[in-house]
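Please look over the sequence and the coordinates shown here before reading the notes on fold, surface and aromatic contacts.

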Amino acid sequence: MDIFQVVGTVVCTCRHPGIEQLPLRIVQDRKGKIQVAVDTIGSREGNWVFTISGSAARLALDDPSLLTDLTIGGVIDSWEE
């Protein structure tokens, strides 16, 4: 799992079957690296979130046959470094 901040939303008119209705968020780590994650929890821009990556990311979806390698698993309220 990794920590990211949601910095935007991806708008796609054509998607792979099964993920047409899933929100896609642009997330950025503290070093500035940007990725796209499937959002299963309804995060908003500015939220700090934890993500599930790799093949485990599919297990966070209702249908594990859907294609994703990065899924938002929760919104972080606070943490101590």
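## Fold and dimensions

The model is predicted, and its protein chain contains 1 helix and 5 strands, which follow one another along the sequence in the pattern β-β-β-β-α-β.

The C-alpha trace spans about 40 × 25 × 20 Å along its principal axes. Of the contacts between residues at least 6 apart in sequence, 49% join residues at least 24 apart.

Buried residues account for 30% of the 81 residues in the protein chain. The accessible surface comes to about 5300 Å², and 50% of that area belongs to carbon and sulfur atoms.

## The aromatic pair

The structure holds 1 aromatic pair, formed by W48 and W79 in an edge-to-face arrangement, with 5.5 Å from centre to centre and 75° between the planes. Because W48 lies in strand β4 (residues 48–53) and W79 in the segment after β5 (70–75), the pair ties together parts that are 31 residues apart in sequence.

Are the two partners buried or partly exposed? W48 is partly exposed, with a relative accessible area of 25%, and W79 likewise counts as partly exposed, at 32% relative accessibility.

Note on methods: Residues are numbered from 1 along each chain as its sequence is written. This is a predicted model: local features need pLDDT of at least 70, side-chain atom pairs count only at pLDDT 80 or more; totals for chains, interfaces and linings use all residues. Side-chain values use heavy atoms; hydrogens and water are left out. Rings of Phe, Tyr and Trp (its six-membered ring) pair if their centres lie within 6.5 Å; planes under 30 degrees apart count as stacked, over 60 as edge-to-face and the rest as tilted. Helices (H or I, at least four residues) and strands (E, at least two) are DSSP runs, numbered from the N terminus. Buried means under 20% relative accessible area, exposed over 50%, partly exposed in between (1.4 Å probe, protein chains only). Contact means heavy atoms within 4.5 Å. Accessible areas come from the Shrake-Rupley method with a 1.4 Å probe; for residues, only the protein chains shown count as cover.
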